[in-house]
Structures are given as C-alpha cells and as structure tokens.
There are 2 protein chains.
Amino acid sequence: MNLKDIGEFGFIKRITPDSLNDTRNVVRAIGDDAAVFTIGNDECIVLTTDLLVERVHFIKESMTGYQLGYKSLAVNLSDIAAMGAVPQHAFVSIGIPKDTSIEYLDEIYRGMKELAKQYHVNILGGDTTSSKVDLIINVAVTGVGKKNTLLYRNTAKDGDIIFCTGFLGDSKAGLDFILKSEQPVKDYEKRLVEAHLLPRPHIKEGLYLANSGAVHSCIDVSDGLSSDLMHIAEESNVGFLLNEEAIPLSKDLVQYCNEHGYSAIDYALAGGEDYVLVCTVDPAQAQKLEKDFTKSFQRPIYRIGTITKEKKYLMKKDDNTLIDIKPKGWDHFA
Amino acid sequence: MNLKDIGEFGFIKRITPDSLNDTRNVVRAIGDDAAVFTIGNDECIVLTTDLLVERVHFIKESMTGYQLGYKSLAVNLSDIAAMGAVPQHAFVSIGIPKDTSIEYLDEIYRGMKELAKQYHVNILGGDTTSSKVDLIINVAVTGVGKKNTLLYRNTAKDGDIIFCTGFLGDSKAGLDFILKSEQPVKDYEKRLVEAHLLPRPHIKEGLYLANSGAVHSCIDVSDGLSSDLMHIAEESNVGFLLNEEAIPLSKDLVQYCNEHGYSAIDYALAGGEDYVLVCTVDPAQAQKLEKDFTKSFQRPIYRIGTITKEKKYLMKKDDNTLIDIKPKGWDHFA
C-alpha cells in the first residue's frame, strides 16, 4: 500500500493508536492545532529536538524502519537523560517521499512506540508532510525535572572527576559496516552494528546522577567523547585531562580494531553516537558515587579523567606522555 | 561566506544573539542538551510543531530568506493562536544543504527573530544539521494557557455560529504568482503575494476569543476553510452550513479573480495558508462577541455560517440553493 492511497489524514489516523503511555497530565493529544499538557508547580519543563535527514544521518537501505524509528526517539531521550530529567512527551514531524510504503512507515512508528513504552513516554503530536527525495524525521521531546537537580554543561569545576556511564566507540565501529555496505557476520560484529542502530538512552543513569547531588555537569556522547567533553570545558571555562588507559573499550571494539588495524582509542575519542553519559563529579563525592552507582546498576561507572583549571585538552597516554586532544567528533558542515 | 567556513558550532554562535525576548521563566536556552523553562501551577503548556521542506512548502528562488524565516515561525504561532494560548518559546531545527550561503541563513533567522520579537517569543533551542539537497526547517513552539479557557477542535455544538477573523483566499491567489514564476506588478497583486509570504498569525484574536467565554471551538485556516471546518465538524460529530455571501473576500482577491476568470469563493474555500482563525460560538453570545470584537480590533469578525446537528457539509449559494462542500484543501499525500 502506498501513501497516496490513504492520504494525510488517513496516515494520522494510522499512527494515532498506542501513542499514549501515561495520560496523567495530558489535556489534548494528536488531533488539534497543538498538544496540551500540564506540569506541577515546582518542576521545570525540558525540551529537546533532533532532526534526522536521509543520506545524512541514515541510509534507508541499511536500516529497517523499526531501527530508524527507534533511533529517532532514542537520540532525543538521550538528551533528556543528559539533563537528568524524566522524559514525558514526544512530538514527531515527518517529511515523506511519495514512493514510501505504508509498511515502512508503520515500522518507523512501531520502533518509536516500543521505545516510548519502555520509558512511559507519550507521542503527543507532530506534523506530517511530503518531501521530494529524502525522508525527514524531526522529533522533539519534553521532560520534567526540578530546577536545582537538573544537570547542565556549563557547570563543571576545576578538580572534578570525569566519569562516563558506558563503553565508547562501539557505535562508530558499527557504522563502518554500514558505510562499507558490509553485512556483519560474527556475533561481535552484529553487536557493534546494533550499538549504532539501536542505542539505549541512559535515562535511568541520568536520573541517578541528577539525584546523587554529586554531579556538577553532564552531557551525552553524540558528537564524540573529545568533542562533547570540549563542549563541557568550553562552556564551563575549564580544561580536562583524560587518562587513556581508563577509557572503557568493549571487547567487541578491541577485537574489531585489532582485526582491522584500527586504533580503538581513536574510535572511542572521535566516535560519536554512543549515547552514554559523560559527567563531572565533585572529587569529595566521587568514590561514594562510584560505589553506589555500581551497586545500583550492577555494572561500573568509569573514571576517565579530571577537569583542570588550565584550559587545555589533554590525554595521558599509556606511556605517561601527554598529548593534545583535538576535536575529532562530527561537524555537520565540515 | 559559506557554511563550511564557520562549521556547525560557528553557526550556532551566529544564530544565538537576539534569541531571547522574555527571560522570566527561562532556566536554560540554546547551548545545552535541551532547553529548560518553568510555568506557573494553574497553567497548561501547549506545544505545536511544523515541518517546512524545500520544493514542497516553498521554492527558495521565489522567497527571500527573511520571508522564509518569518513564515516558518508564523505558521506555528498561528497554531498557538488557534488554541487561544500565549506563545512563549520556539525551537528551530534546520537541515542545510552545503552550498547554502551564510547570508541567506542570516536572513532566515532575521525574519524569525523579528516576528518572535513582536510577540515576546524566545528562540530557545533547536538542532542544526546538513541536508543533501533540500533546505528543511522544523519549528516547534510552546505556549501557555489555562486548561478551562483553551480552545479545541472537537467541542463545536449544534447551533453554534461560525465566525472567521479575516479574509480568506488571498494566500492562494498570492501563491499563483509564485507557482507561475510571475512577478506581481500592481499594488493589489503585491499585497496578495505578501498575504502568502508573510501571513500575520492571529495571536491577539485567539487570546481574545479564548477569554470571551463565548467560543466553543477554534482552528486556524492552514489547509483551507472547507478542510479546516471539516476537521472541526468531524471531531465534534456535527455538520455545518456556510453562507456563501457572508464569506469575507478582500477587494484584492475579487479584482484578481475577476481579471483572470477565477472563482473568488473557490479560492476562499480551498485556499489554505490564510492563517486566520475560524471559530464556533454559542448563539446566545454571538451578537455580543461580534460587537465587542469589532470595538476591540477596530475591524469586524465575520459570521459565515452555522454548526448543524446533521453531519452534512453544506453551503447556501447566493441564489439560495444548497450545495455539498467537498474537502478541497491541501492533502500532502494526495
């Protein structure tokens, strides 16, 4: 079935079911000029939006509709996680080339709705339109959090310990397969591709960090560890010193890089789209946070460096030499 | 200057100035994973989002950057107006082909910022990315309003009087010039093109209608009067009877249609993108609303028909015959 058989409003009717997962503060959902929801008095609304464009962010042929829908929402939920907020409502704008099949679109919304359900997030509104050649998905997500516990980028302090909540670089390794149009064969290769296509937003980790009272600043790794840490450093007017041997690399990534002669640490620094959280923590509270986090999540949080007063971006290599870190992450216009 | 000369973060720095017009409830603006703002306890957040794609919604060559930026925001503000809410914050996602000049982008943001300023709206965040061929702009806007005064589509009642807040059809006439790549020459032609390119969102009118207590339902005319009234009728489970001679046509539209042998009433019914408001009003309060509105705005609100129990979509012609109204507005996938 093709889109022109059901029309714009037929399409909206088709995507409406299973869009709401928590109706407590919903006043009006899909079907009016705008969606309406309320919040309690002492809380803040957090809003993030991400635009995904075919041939820039994804290759339709190398990604199922389900994966595309899942990831479009996941990257936004990751931003909400990085603020230490609770995600609530998603708003999906979609620009659709006329030859797109309804079945593919259904899969996009199925991926989005399955992830939304996991985190009790509603799909509350959006916009549907046509597009000449490229499929376009813009998702905006709102969340709530208390003003004094939300986590920002510009509040890192000299002496803070830098932590991250998961492995870095896997997503870039997975992307290699997609860019080369190669099918992953071995199990570890499949896991790397999945790390790229179906990243898990660290919502629970973000809330945990926000409520710990120990975290000074936080960001999600979307552009690459080096770039994202530079965002924190630049906006906080500080520098950082990373410790190469402490940067967490998955066995999968190490095996992949060994087999192909790549540097796993380069993948971790410049990778991007890992969607783990990087945060800076009060040094007096770092040890307790480490212990408590590990107990809560049954896996470690990784201590990867320190915030410095001097505005340099450095990494201590395994041989104890210091090297300058250059921004190697993704710049859309470079 | 071209985009690759300044990079993604250079571009964000460039668009940040003059983005805030009312900082009272802003906690965090452009520059973090998400924007943060608060609202008072008794109010609702309203959120709308619209996606504009080159070659679908606009032809770059027939529109200045200023007009494109202005209109991208205006169509969203119009949705907020149709809810009877106060617009507060805008979030702009932009997908930019690599050959786009910085100067053109600056003009887009100038148009957006000038309109934002008029209504004390902040540009609070967004996303910037590249696009392969088409320029893409998604704007999301939040507003606030009280739960019991906001205006919806599905609350029209049998017997309601249908009003609209301005002329219909001008925008479609203006679009004719653009689609034919014809320059408007006469003053009235220029005004028609401007009605299409720089529509005024009826924010004050929407607030007035919401606060009147007389209005049962409201929508903005984006798809065309017939289509938009059908949205109200369908979702309210009622019908409508329009009165042809009462539908407000500008002198400019009448002159244009006379000169070209078109039907002005067809332009008004099927036009779309007029961005005036259509509302349905308690018949006992219609006369007072008419009088008060005219006094407040120094121009009339137009009484164009009645909501009917019978679920038919009809129009009384000038010769008193009744005709069926078919949805003639814009369906993106038709």
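Strand β7 (residues 161–164) of chain A and strand β10 (residues 277–281) of chain A run antiparallel and are joined by 4 bridges, two strands being counted as paired if DSSP finds at least two bridges between them. Within this pairing, Ile162(A) has Thr280(A) in β10(A) as its bridge partner. This is a predicted model, in which local features need pLDDT of at least 70, side-chain atom pairs count only at pLDDT 80 or more, and totals for chains, interfaces and linings use all residues. Residues are numbered from 1 along each chain as its sequence is written, and side-chain values use heavy atoms, with hydrogens and water left out.

**Sheet of chain A**
- The open sheet of 7 strands has mixed pairing and the order β8-β10-β7-β11-β9-β12-β13 (chain A), strands (E, at least two residues) and helices (H or I, at least four) being DSSP runs numbered from the N terminus.
- Because β8 (215–220) and β13 (322–324) of chain A stand at the edges with a single partner strand each, one side of each is left without a neighbour in the sheet.

**Helix α4 of chain B**
- Helix α4 (residues 170–179) of chain B is largely enclosed by the rest of the structure, because 7 of its 10 residues are buried, meaning under 20% relative accessible area, with exposed over 50% and partly exposed in between (1.4 Å probe, protein chains only).
- The buried residues of α4(B) include Asp170(B), Ala173(B) and Phe177(B).
- After α4(B) comes Ser181(B), whose phi is positive, near 50°.

Terms used
Chains lettered and ligands numbered in written order.
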